[in-house]
Amino acid sequence: MAEAKPKLLIVEDDEGLQAQLRWAYDNYEVVIAGNRDQALAALRAEEPAVVTLDLGLPPDPDGTTEGFAVLDAIMAMKPDTKVVVASGHGARESALQAIDRGAYDFYQKPVDIDQLGMIVDRAFRLHEIEAENRRLSAKVGEEKTVLGSMITAAPEMAKVARTIERVAPTNVSVMLLGASGTGKELLARGLHEASDRRSGAFIAINCAAIPENLLESELFGHEKGAFTGAVKTNEGKIELADGGTLFLDEVGDIPLPLQVKLLRFLQERVIERIGGRKPIAVDTRIVCATHQDLEAMIAEGTFREDLFYRLAEIVVKIPTLSERPGDAVLLAKHFLSRFSAEMNPQVKGFAPDALAAIDSWGWPGNVRELENRVKRAVIMSDRKLVGAEDLDLGGDEEAGELALNLKQAREEADRRMIRKALSRTQGNISNTAKLLGISRPTLYDLLKQYDLQD
């Protein structure tokens, strides 16, 4: 049985150009619409991945009102659709307005069939890659009993997940090393849920957030009357996590005197509350995290070497968001969906300039920065599509430059998609070509053209 062709909706009122475009795109299932009503009916019935849209439609063939009305309706009904706008009406102004309203790309008439065909082909490839990302997101979402709610499509994070799955059933101490905002507590919770201790408590404490004179009481507890203000006996976090897992975030901030007491617990599995006189046996698994260089701290004498080796029986290094190809866009869409449902339902997605900015941003604050920027943008946006300026990742001038340098922008988009596809398939050319929806010879040509060969 022949494989179904991808569907392309052509919204064009010129019958001669309709026939020309239908002939040019025989590798797609072409659907023709000549006005707004026909276009929206075809959108509902056929659900095309890509639409080419002439802005000059009846009853306003010499203007752009009908064309923009169709674009707005498509973005409201099917925001994942890639719309390529072609028009001779006020090219610069129309380009900026079309991109701002959610169009994937813009092409000025008179139409060059070959160049427009390249834009359409890229639009189909991008649509397929985004659809694959959504499928991967849904698949990972089903695995939250293993790794909490971690969402990723990056091989680097998949490797981290596999490591955690292997060590979870054991009782070894695990140290998570990663920059701030990379999701260390999320991974620690996932480890707990994947372990035999899942029915016990998961207790988290940020050692850097508690004053030094209170940290010992927080960890080990105290007896009534142990110090001024100790009006009752309190169990510490280690004791509260008995039978479960204790997550010590920013463990490098534990002062040296308290490191000695923590080491004794790890060696003997007993604690003494402040003011207490008898040891208390505790079965608590320790998972810790830090963004600091503990080996440098050991050399400086600010962190005990023997404690380090007790805590770091297994070390898991967490990549930054910039080291996880494709995850920034994937996570941004997840956050937008969540926050828009909670706070601003009119927001339906990201404009192309926002997606480009998200993909190219360095994300020094990692996932936490991304989440905060998306949340703020959703709250503040008064449009259906969040733009780069809403995320504070580039303003109108940058968006205009993107729209007016489409050839360069498309080439950069091609490079990014090819790199990500190669990363996802671990460099397998056949699988990469299949993921991108192109032939192997075409992929080899693109690798050569963009100087992406090793």
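A charge is said to sit over a ring if NZ of Lys or CZ of Arg is within 6 Å of the ring centre and within 35 degrees of the ring normal. In this predicted model, the charged end of Arg269 sits over the ring of Phe265, 5.1 Å from its centre. Lys261 provides another example, for it lies over the face of Phe220 at 4.7 Å from the ring centre.

The overall architecture may be considered next. The protein contains 20 helices and 16 strands. Of its 454 residues, 49% are buried. The protein exposes about 21,900 Å², and carbon and sulfur atoms supply 48% of that area. Where contacts join residues at least 6 apart in sequence, 67% of them link residues at least 24 apart.

Tyr28 lies in the loop between helix H1 (15–24) and strand S2 (29–33), while Phe124 belongs to helix H5 (residues 113–141), so the pair ties together parts that are 96 residues apart in sequence. Both Tyr28 and Phe124 are buried. Ring pairs also bring in Tyr25, which forms a cluster with Tyr28 and Phe124.

The pair of Phe308 and Tyr309 has another geometry. Its ring centres are 5.2 Å apart and its planes stand at 75°; because planes over 60 degrees apart count as edge-to-face, the pair is given that name. Phe308 has a relative accessible area of 11% and is therefore buried, whereas Tyr309, at 52%, counts as exposed.

Two further residues deserve attention. Asp54 lies in strand S3 (residues 50–54). An unreviewed UniProt entry annotates Asp54 as a modified residue, 4-aspartylphosphate. Is this residue buried or exposed in the model? Asp54 has a relative accessibility of 6%, so it counts as buried, since the cut-off for that class is under 20%.

Asn344 is found in the loop between helix H14 (327–343) and strand S15 (349–350). With a relative accessible area of 10%, Asn344 is buried as well. What does the side chain of Asn344 reach at 2.8 Å? It reaches the backbone oxygen of Val378. Leaving aside neighbours within four places in sequence, Asn344 is in contact with Phe339, Val378, Ile379 and Ser381.

Notes: Residues numbered from 1 in each chain as written. Predicted model: local features only at pLDDT ≥ 70, side-chain atom pairs only at ≥ 80, totals over all residues. Heavy atoms only, no water. Helix = DSSP H or I, 4+ residues; strand = E, 2+ residues; numbered from the N terminus. Buried < 20%, exposed > 50% of the residue type's maximum accessible area, 1.4 Å probe, protein only. Contact = heavy atoms within 4.5 Å. Areas by Shrake-Rupley, 256 points an atom, 1.4 Å probe, with all protein chains shown as cover. UniProt positions renumbered as here; feature names shortened; annotations may be inferred. Polar contact = N/O pair within 3.5 Å; in protein donor to acceptor, adjacent residues only side chain to side chain. Phe/Tyr/Trp six-rings, centres within 6.5 Å; stacked < 30°, edge-to-face > 60°.
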